Structure formats: structure tokens, C-alpha cells
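Me: I want to go through the labels used for this model and ask what stands behind each one. Please set the values against the definitions.

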Amino acid sequence: MSTQHPIAVPVQLPPGVRVGVVAARFNATIVDELLRGCVARLAERGVPADHVDVHRVPGAFELPVAAKLMADAGRIAAVICLGCVVRGDTPHFDYVAGEAARGIMQVSITTGVPVIFGVLTTNTDQQALDRAGGVHSHGGVNSADAAIEMIALKSVIQSD
Ligand code: INI
């Protein structure tokens, strides 16, 4: 996978915007860092912590349903899903990572609420660490930037 993440673009956010974050508890060391970086970046970009609703789920497989519940509740402009799935010796990885990705996209398209795929899917723990503030950027920060960009895009499209 490429590590050339897009550079964050300056945007105008609607006033008082709220963002939802759902974070898996599986691989907690990694996901807690994704969450920390994500919430910090949202604050930097104009969404303070008291405008961020954070919920935890057991694993990445549970992210889509939690995202759907948050999107349906109607209070938030985007949901950021954070998780980390590391390939093991069995096909379990493919089911968990694949269904998380598929479910997240399905929730986003069916609700019209941007749902961000902030799930690291790696072959090793080191690759995950590298992408959680290590040598290959920060999945939580990148996810916050993606959410901000999509919220602004939706606002522009809907006011056209
Ligand atoms: N969940 C993860 O978030 N990451 C993993 O690496 C993982 N592995 O390897 O199994 C994982 N499994 C749990 C899964 O997400 C569900 O919580 C579980 O199957 C209960 O539905």
C-alpha cells in the first residue's frame, strides 16, 4: 500500500459541527494511539473534544454497526472508525478486515454520512506501529483529516 497520504486541505467547517469516533479495543496499544492522534487533530482543525463523541467496540468487526447507530442518531457530521487488524496464521484476518471495510462503506453510502476507514490492516505488529505515529505517518491523524475534508465537501455540495 502506498504511504503517500494526501496533504490536508484548508476547509471551512459548518459551525458547531460534531464528529463521532468509534474505536476498537482489540490491539488496544495501537488503537489507543490512533484515537489520541485523531482527537488531537480534530481539535487542531476546529472540532474540540467536547464536540467529539467517542465510543469503543470489542473489535474491528463491530465497527460498522456502531457507525450506523451513530450516523442514524443524526447528531454527527461524520463517523471515524478506528481499528487495527493484524494478519495471523488463519483466514480470520480476511473475514474481520474485509467485513469491517465492506460494512463501513455500506454504512457511509446508505446513510449519506461520511464514515472514515481508519482501520490499519497489516501483516505484522511493526507495520501497525509504523502507521500509528511511526515512520509511516499516523492513521488517526489521517482519518481526522479525511473526516474534515468530507464534512466540508458535503456542506459545499448540499449548498450548491
Ligand atoms: N479484531 C480486531 O480489531 N483486530 C484483530 O486483529 C482481530 N483478530 O486478529 O482477530 C480482531 N478480531 C475480533 C473481531 O473484530 C470481533 O471483535 C470478534 O470476532 C467478535 O465479533
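Reply: Start with residue classes: Ala, Val, Leu, Ile, Met, Phe, Trp, Tyr, Cys and Pro count as nonpolar, Asp, Glu, Lys and Arg as charged, and the others, Gly among them, as polar. By those classes, eight nonpolar, five polar and two charged residues line the second largest pocket. The model is a predicted one.

Me: What is the volume of the second largest pocket, and which residues are closest to its centre?

Reply: The volume of this pocket is about 230 Å³. Its lining has 15 residues, of which Phe26, Val85, Val86, His92 and Val96 are the closest to the centre. Strand S3 (78–86) and helix H3 (92–111) are the elements that give two or more residues to the lining.

Me: Why is histidine 55 called partly exposed?

Reply: Buried means under 20% relative accessible area and exposed means over 50%. Histidine 55 has 44% relative accessibility, so it falls in between and counts as partly exposed. The residue lies in strand S2 (residues 52–57).

Me: What is histidine 55 in contact with, beyond its neighbours within four places in sequence?

Reply: Contact requires heavy atoms within 4.5 Å. On that basis histidine 55 is in contact with Val21, Val22, Ala23 and Met70. For histidine 55 and valine 21, which are 34 residues apart along the chain, the C-alpha atoms are separated by 6.3 Å.

Me: Why is strand S1 described as largely enclosed by the rest of the structure?

Reply: Six of the six residues of S1 (residues 19–24) are buried, so the strand is largely enclosed. Val19, Val21 and Ala23 point one way, Gly20, Val22 and Ala24 point the other way, and all are buried. In a regular strand, side chains alternate between the two faces of the sheet.

Me: How do you know that S1 pairs with S2 and with S3?

Reply: Pairing needs at least two bridges between the strands. S1 and S2 have six bridges, in the parallel sense, and S1 and S3 have five, also parallel. Alanine 24 has valine 57 in S2 as its bridge partner, while valine 21 has isoleucine 80 in S3.

Me: What makes S3 and S4 a pair, and which unit do they make with H3?

Reply: Against the requirement of at least two bridges, S3 and S4 have eight, in the parallel sense. The bridge partner of valine 85 is threonine 121 in S4. S3, H3 and S4 make a right-handed β-α-β unit. Six of the eight residues of S4 (residues 115–122) are buried, so S4 is largely enclosed by the rest of the structure.

Key:
Residues numbered from 1 in each chain as written. Predicted model: local features only at pLDDT ≥ 70, side-chain atom pairs only at ≥ 80, totals over all residues. Heavy atoms only, no water. 1 Å grid on protein atoms, 1.4 Å probe; cavity = no way out; pocket = protein on both sides within 12 Å on 5 of 7 lines; lining within 4 Å. Points joined across faces, edges and corners; volume = space filled by probe spheres on them. Helix = DSSP H or I, 4+ residues; strand = E, 2+ residues; numbered from the N terminus. Buried < 20%, exposed > 50% of the residue type's maximum accessible area, 1.4 Å probe, protein only. Right-handed = clockwise from strand over helix to strand, strands pointing away.
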